[in-house]
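Keep the model open as you read.

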Amino acid sequence: MAGAACVQRRKCAVAKIVEDARVGTVHRTTNRGLILTEERGIAAVSAHKVTQLQRVIGKTKRYQWVTLAVYAMVIAVVMCFHEPWFDEAQSWLIARDSSWKDILLFRPHYEGHPPLWWVLLAVPAKLGVPYEIGLKSVQFICSMLMAGALIFYSPFSKIITILLPFTYFFCYQYGVTARPYALLCLAMFLVAMHWRIRNEHPWRTVWFLVLLCLTSTYGVVVSGTMAAIWVLRVIFSGESPFHNRRRFAAWSLLMAVGIVLALDVWPAADNFATQPSTVGTITSLSLFRQFAMFWLVLPSETMFTDFAADTALKSINISLWGWVMCMAISLLMWAIMLRIAHRRGNALLLLSPYAALSVTAMRYFSGHHIGVLLAFFIAMLWLNLLDRPLEPEDIPAFLRKHTQNIWHIEAGKRRLAKSIATIVLLGMSLIWNVQAIASDIRYEYTGSRALAAFIKDNHLENARWVSFWRYLPEEKYPDGSVREESDDTHRVDWTLVTANPYFSKNLISCAYKDYTFVSNEAPPQSQADKEIEACAAQGAPEFLIGSRQPRYFMKRLGLSYEDYTYYELTWLDTPWKGQNKYSTIGFYVRNDVYARLFVDPNQE
C-alpha cells in the first residue's frame, strides 16, 4: 500500500509540473531540486522531455542504425586511402613535438584555435601510436559522434536524416579529413538539442556551450553571442538573472571559459596572419566586399553553388554571374530561415551569431570553413523545429502560393513530393561528396606518403632537405588591398611538413628552432636575412624542395641553378566540392646525388 501510494504521489507531482509548465508558473520540487522557469512563448516543456527521453532509452528506428553503419563504413574506407594534408600534419606535429605548456598556452596565439584538438591528438601522438592510425582514430570517433547526433536526435524528416550525413561537408570534408570541425558541428547540434530546456537544465546547456568554445574560435563567437541572448531574454522577461542560482553559476563558468579562451587565442604580435605583408592594406572597400560575400555568397556555397575556391575570404574571386546566382539563392535561404525563426521568436538568435561570425571571418575565414556556416544553419533550424514543427505559414508569402497545394494533397503523395524536393535540395552536395571520395580513393591527395616512401627507400633521412620559404612579392588583391614584398623564413613549404609525421627526426634543415611544423612566428626582414645567410653557410644541400621561383631562393642561398636537377615525384588530384585541383610535387636534387639515385650505371 505504501509503495502504491508513493507511485500515486509521484504521478500527481509530475502531472502538476506539466500543468504548471503550460501556464508558466515556477515551482521547486523538494526531492529533486528541479526548477521550471517561465519563458514567454515556450510551452509544453514536458512534451520535449518525453521526446528526448524516448530517443535516449532506445525508441530509435532501424533506418537510423543502418544509416550510421553505412556512414561509418564510408568514412573508414575513405580514410584508408586519404593522405593527410598540411592542416592535418601540422596539428599532429604540434601535438607530438610541443610541450604541454606550449600546447595549452603558446601555440593557440599562432594557430588561432583553442588547444582541445591538439590535446586529443597528443594522447596517441605522445604514446608513440603511428601517425595515420592515431590521427584517423581520433577523427573517426569525432565523426561518428557528429553523425550520431544528427541521425538519432535531429527533428528532421526521415529522408533528410538519411541523406544529410552524406553531404559533402558532413561526410568528406569534416568526416574524413582530420580537423576539429566535426567536434564543432557536434557541439552546435548538442546546443540546439538542449536550447529549449536551457532554463530547466542550465548546466547541461552550458556544458555544451563550453564544448563549442573549446573546439574553435568560431565556437567561442557563436557560444558567446547565444549566451548573451539567453541572458537578455531572462532580463527582458522581468526575471532577475540572479533568481536561478544554478543558472547564474553556469553563466559565470561559461563567461570565465570564454574570456580565458579569447585571451589564449588572441594573436601574438608576430603572428604571420596579422602582419602587413600577409593581410595587405585593409580598405573600407575590402571590408565591405568581404562582409557582403559572407552574407550574400557563402550561404549559397554551403550546399548549392560551387564558385568560391578553398582560399582566404579576401582572395575569393567570383564572376558577376556567380555573384548574381549566389545572391539569389542566399537571399532565398535568408527569407526562409528568418521566417521560421521570427515566428518562433528566434530571429535575433539567428542573426546575432552570424553577424559576429562575419566580423571574425575578416581575419580567419577560408573556403573549407564554409561547412561551419552549414552546421550553424542546421543547428538554427534544429532548435526552431524543436520549438514548433514546420507549418504552412513558415513559408514566406511570396513562395506560399506556389507551395500551398502540397499541404492539401493526400499523405502518400505529399511524402513523395517532400522526398523529391529533399533529394533535389541536397543533390548537389551529395554529388560533390561522391566526386571527392572517388578522387581521394583513385588519386594521391598530397603526395605525403610518396615523399615519405622515397626518403625511407633511399635512406635519405639524414640528408639535408632545405625548404623554400614563403616569399611574397608585391601583390594587389581583387578587393584593392596591396601586399608588400617580404621573406618569411619560418613558413616552409608544406610538402616537407606533410612528410615529417612519418619520421621521428625532423626532415627540415635550417628549420627555425628546429620546429617540425610551421611556427607561424613571422620574423622581421632583418632576422629573415640572417637566417638565410646562416643556412647558406652550411653549404649546398642535397635536396631543395618547393617549386616557386627556384632561381630566387637558390640565389639567396648562394647556389647555382645549374648544379641541381628537378625531379618530379608524383602528381596530385585534390578535390574541393565539385572542383579538382591538379598539381605535382617534386624537388631539386644536387647533380651528384641525382646521378647516384637515378642514373643507371649500365648506361655509362
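Helix α8 passes helix α10 in a right-handed crossing. A crossing is right-handed if the near helix is turned clockwise from the far one by less than a right angle, and left-handed if anticlockwise. Helices here are DSSP runs of H or I with at least four residues, strands are runs of E with at least two, and both are numbered from the N terminus. The contact draws on Gln 139, Ser 143, Met 146 and Leu 150 of α8 and on Phe 170, Tyr 174, Gly 175 and Val 176 of α10. Contact means heavy atoms within 4.5 Å. By class, this contact of α8 with α10 has five nonpolar, three polar and no charged residues. Ala, Val, Leu, Ile, Met, Phe, Trp, Tyr, Cys and Pro count as nonpolar; Asp, Glu, Lys and Arg count as charged; the others, Gly among them, count as polar.

A word on the source. This is a predicted model, where local features need pLDDT of at least 70, side-chain atom pairs count only at pLDDT 80 or more, and totals for chains, interfaces and linings use all residues. Residues are numbered from 1 along each chain as its sequence is written, and side-chain values use heavy atoms, with hydrogens and water left out.

Two packed helices are described by the angle between their axes and the distance between the axes. Helix α8 (residues 131–153) and helix α10 (residues 168–176) pack at about 155 degrees, with axes 9 Å apart. Axes are lines fitted to C-alpha atoms, for helices over the stretch in contact, and angles run from 0 to 180 degrees between N-to-C directions. So α8 is roughly antiparallel to α10. Angles over 145 degrees count as roughly antiparallel, under 35 as roughly parallel, 65 to 115 as roughly perpendicular, and the rest as oblique.

Now turn to helix α11 (residues 181–194) and helix α12 (residues 202–215). Their axes come within 9 Å and cross at roughly 160 degrees. α11 and α12 are therefore roughly antiparallel to each other. Their crossing is left-handed. The residues of this contact divide into 10 nonpolar, three polar and one charged.

What about α19 and α20? Their axes come within 11 Å and cross at roughly 165 degrees. That makes α19 roughly antiparallel to α20. The crossing is right-handed. Leu 349, Leu 350, Pro 353, Tyr 354 and Leu 357 in α19 meet Leu 373, Phe 376, Phe 377, Met 380 and Leu 383 in α20. This contact of α19 with α20 has 10 nonpolar, no polar and no charged residues.

Charge pairs come next. Side chains of opposite charge can pair when their charged atoms come close. How many salt bridges does a search of the whole structure find? It finds 14. A salt bridge is a side-chain nitrogen of Lys or Arg within 4 Å of a carboxyl oxygen of Asp or Glu.

Arg 344 and Asp 394 form one of them, at 2.8 Å from N to O. Arg 344 lies in the loop between α18 (320–342) and α19 (347–364) and Asp 394 in the loop between α20 (370–387) and α21 (397–403), so the pair ties together parts 50 residues apart in sequence. Both residues are buried. Buried means under 20% relative accessible area, exposed over 50%, and partly exposed in between (1.4 Å probe, protein chains only).

Asp 487 forms a salt bridge with Arg 556, at 3.2 Å between the closest N and O atoms. Asp 487 is buried, at 6% relative accessible area, while Arg 556 is partly exposed, at 28%.
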